[in-house]
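Visitor: Could you pick one part of this model and take me through it closely? I'd like to see how its pieces pair and pack, and then what turns up elsewhere along the chain.

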Amino acid sequence: MPCDVKPRFLVLYGSQKGQAQSIAEGIAEEAEEQGLVADLSCLNENEKYNLEKENAPVVFIVSTTGDGEPPDNTLQFVKRIKKKTLSTDHYKHLCYALLALGDTNYANFCNCGKTIERRLQELGAKQFYATGYADDGVGLEVVVDPWLEGLWNAIKGALSKMASDRTAHLKANAEDSAKETPDSSVPDVQINLLSITDQNCESVGAAVVTDSKFASAASSSASVASDLRPASPAGSHALASQCHDTASIPTSAPQPQSGDAGVSRVVLAASLICSLPPLSESSLNVPALPPPYLDVSLQEVDTIEQIVGPMIKETFHQVPISKAVHLSRGDSVKTALLLELDISAYPTMTCQPGDSFDVLCPNRAAEVDNMLIRLGLQEQRNQHVNITLRKDTKKKGAQVPAYIPQNISLLSLLTWCLEIRSVPKKAFLRALVEHTRDSVQRRRLQELCSKQGAADYNLYVRDPSLSISELLAAFPSCSPPLSLLIEHLPKLQPRPYSAASSCLAHPGKLSFVFNVVEFPACTGRPAGRRGLCTGWLFDLINPSLVLPGKAESSSSPALPKIHVSLRPNCTFRPPSDPSVPFIMVGPGTGVAPFVGFLQQRAEERQRKPEAVFGETWLFFGCRHRDRDYLFREELEGFVSSGTLSHLKVCFSRDDRGDEESAAPQPRYVQHNLLLNSQHVTEILLRQNGYLYVCGDAKNMAKDVNETLIEMIKTELQVDQLDAMKRLAGLREEKRYLQDIWG
């Protein structure tokens, strides 16, 4: 008797940091339990799939990176489908669903997903399920979870409809029907876009899936960087008491309350390690246990490896720091530092103004030591790590991480390969439950990874960027094996920085500016900590740091070397035509690339005195005129030389009123833009000028964008929608460019 053939569908993903890939892998794993077969491929693996001939439903999971760009492994696919030679019915046979990941802190939200969807529809493809637009700014799972829950019924409906249509088509052919069979290969379903703004995200598709392997695989991680089984509820009193006994994290003062039968009980505030009703008394929908897929063993070696740098250096160059300067003054402002690198030994590192580059930094030695102690492996720190695939794994597409070299020591692995500060995803929390002895702590981990505990997960884990080390410290009975960390922790990512110099003006030199990031203490983090890379750089250069107003000392100790790699950038650069005017908006360290712009312009003016140069405007903002006015002397020098036509500076924490005129002074860069609205709109709308914005995405970039819309509304006398379209047109023309970070 022949075996039943399970219906198949295709899952394609485009992922920059692994979140889209994780979701796609979860779908592929769940398919078997749904009675289906999923063919999983990355979008750049075009030898594994053929959309031109695909006759099964296709599910796309794609993220967006940079300024609305496709992930690296999606670029070629996007280029392929954007070819103008393709006909409007090229994909008329294709039916698809799409989940787009993005971040509303950035202007081009989910742009890669929107680009792919728009092009698929232009080429005749039909949609069988509502598109989801997930926002990492508030938590991907808010949209991802309900979208995934409804996906299975949608896929089965699409498969059923397509099979029915094929049967009808064959029957019509057998009867030699003279009628042309209509193109109905796609089920007739109502499409309602699912986004973070929907009031009821769970209204998509059919019944809620109650045991999903992937439902929260996309829970966001902080740097960088992106899952149901009933459990018996624990009483809130017992849970609160246990939390009070097992942690020293402060809570609000207990208040006696009268419970049933007049018994007095203590109510504590919720925290990372304890919850309150109704969550503490709820039945939970927790993710299914992610399938383990790695076997990890340690092997003793004769020689002890010396940690001198990263193991994988193909694209990175080790360059010396030639200068380190403290730019800010006083304790009440952020610590801003300038580092100058000597890249003269690498002539191929031609850095243009506006370019950025990656710095490869290690995990902090103290945190690596703490992790080794936590895993009970401090004595094995110098042993080699052997990693192989489990033969019995049920994980689809399981692979040994390519970023972990062979014959690497455990110490090197934790120092250079794994992002041990990454925020643990819900799937990771679910896996940790199985290695937690204390029942109350197990319950709390279940809550944090459950659908019912989504708000607590965001509040106590995601929002404060809690690391796995900090989480383990809060749950002392949790003892995960090394294999679990390697399976769930992402690759240690390099940190990007914008160049703050011009190689034309300073050959062989590359400068950058950064604030030392500070993470405050919170529940789960008894003491604050510094950002990984900025803290590491500060410690490296601190002995030789030149303080404000002090001359460099010839007796300063030699500065160390760091590993850097240029990031290709062809858009965030000054106009190629020097006569075109441009406007720069860069508060705080966002001024960095514009220093490079102006150094380049000053050098060009000297070399080509006969050339015509357009107007240049810089809108800069900081807290205090005398503490964090970065590059003040250099910027004022650019004004004096005519390189910078207009310098507009505001100070948010200084007195902003003029005692004689009582005229309010602008507080932020967007206020200065409004004061100069006529000039700005003249440059952008009538002189074909450029606008560059660099800095914080969450606040400044959004405020500047909204201000520009208001300025265009006023100047052109149009409504909000028309102003937004006009601004979007500037983006399309690459005349409104952003270099922003979250």
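Guide: Let's start with two strands: E14 and E15 run antiparallel and are joined by two bridges. Keep in mind that this is a predicted model. For a landmark on that pairing, look at Val 385, which stands opposite Ile 408 in E15.

Together the three make an open sheet with the order E10-E14-E15, and the pairing is antiparallel. Strand E10 (294-299) and strand E15 (408-409) are the edge strands, each pairing on one side only. Six bridges tie E10 to E14, and these two also run antiparallel.

Which residues does Leu 471 touch, not counting residues up to four places away in sequence? The answer is Leu 272, Pro 424, Leu 429, Leu 432, Leu 445, Val 461 and Leu 466.

Helix H6 is worth a stop of its own. Its buried residues are Glu 367, Val 368, Met 371, Leu 372 and Leu 375. Why do they sit on the same side of H6? Because they cover an arc of only 140° around the axis. On the face turned away from the buried side, H6 carries the exposed residues Ala 365 and Ile 373. The cover over its buried residues includes H7, H11 and H12. Just after H6 comes Gly 376, with a positive phi of about 70°.

Next, the rings. The structure holds 19 aromatic pairs. In one of them, Phe 572 and Tyr 692, the ring centres are 5.4 Å apart and the planes stand at 85°, so the pair is edge-to-face. Phe 572 lies in the loop between strand E20 (561-567) and strand E21 (582-585), while Tyr 692 lies in strand E24 (residues 690-696), so the pair ties together parts that are 120 residues apart in sequence. Both Phe 572 and Tyr 692 are buried.

Phe 582 and Phe 597 pair up as well: their centres are 6.2 Å apart and their planes are at 75°, so this pair is edge-to-face. Phe 582 belongs to strand E21 and Phe 597 to helix H14 (residues 592-607), 15 residues apart. With 1% relative accessibility, Phe 582 counts as buried, and Phe 597 is buried with a relative accessible area of 1%.

Arg 529 lies over the face of Phe 519, at 4.6 Å from the ring centre. The charged end of Lys 114 sits over the ring of Tyr 133, 5.7 Å from its centre.

Pro 71 is in the loop between strand E3 (58-63) and helix H2 (75-81), and it counts as buried at 0% relative accessibility. Leaving aside neighbours within four places in sequence, Pro 71 is in contact with Gly 14, Ser 15, Gln 16, Ser 63, Thr 65 and Cys 112. The C-alpha atoms of Pro 71 and Lys 17 are separated by 8.7 Å, although these residues are 54 residues apart along the chain.

Asn 705 belongs to helix H18 (residues 697-716). Is Asn 705 buried or exposed? At 18% relative accessibility, Asn 705 counts as buried. Leaving aside its neighbours within four places in sequence, Asn 705 is in contact with Leu 727, Arg 731 and Tyr 736.

Conventions. Residues are numbered from 1 along each chain as its sequence is written. This is a predicted model: local features need pLDDT of at least 70, side-chain atom pairs count only at pLDDT 80 or more; totals for chains, interfaces and linings use all residues. Side-chain values use heavy atoms; hydrogens and water are left out. Contact means heavy atoms within 4.5 Å. Two strands pair if DSSP finds at least two bridges between them. Helices (H or I, at least four residues) and strands (E, at least two) are DSSP runs, numbered from the N terminus. Buried means under 20% relative accessible area, exposed over 50%, partly exposed in between (1.4 Å probe, protein chains only). The arc is that of the directions from the helix axis to the C-beta atoms. Rings of Phe, Tyr and Trp (its six-membered ring) pair if their centres lie within 6.5 Å; planes under 30 degrees apart count as stacked, over 60 as edge-to-face and the rest as tilted. A charge sits over a ring if NZ of Lys or CZ of Arg is within 6 Å of the ring centre and within 35 degrees of the ring normal.
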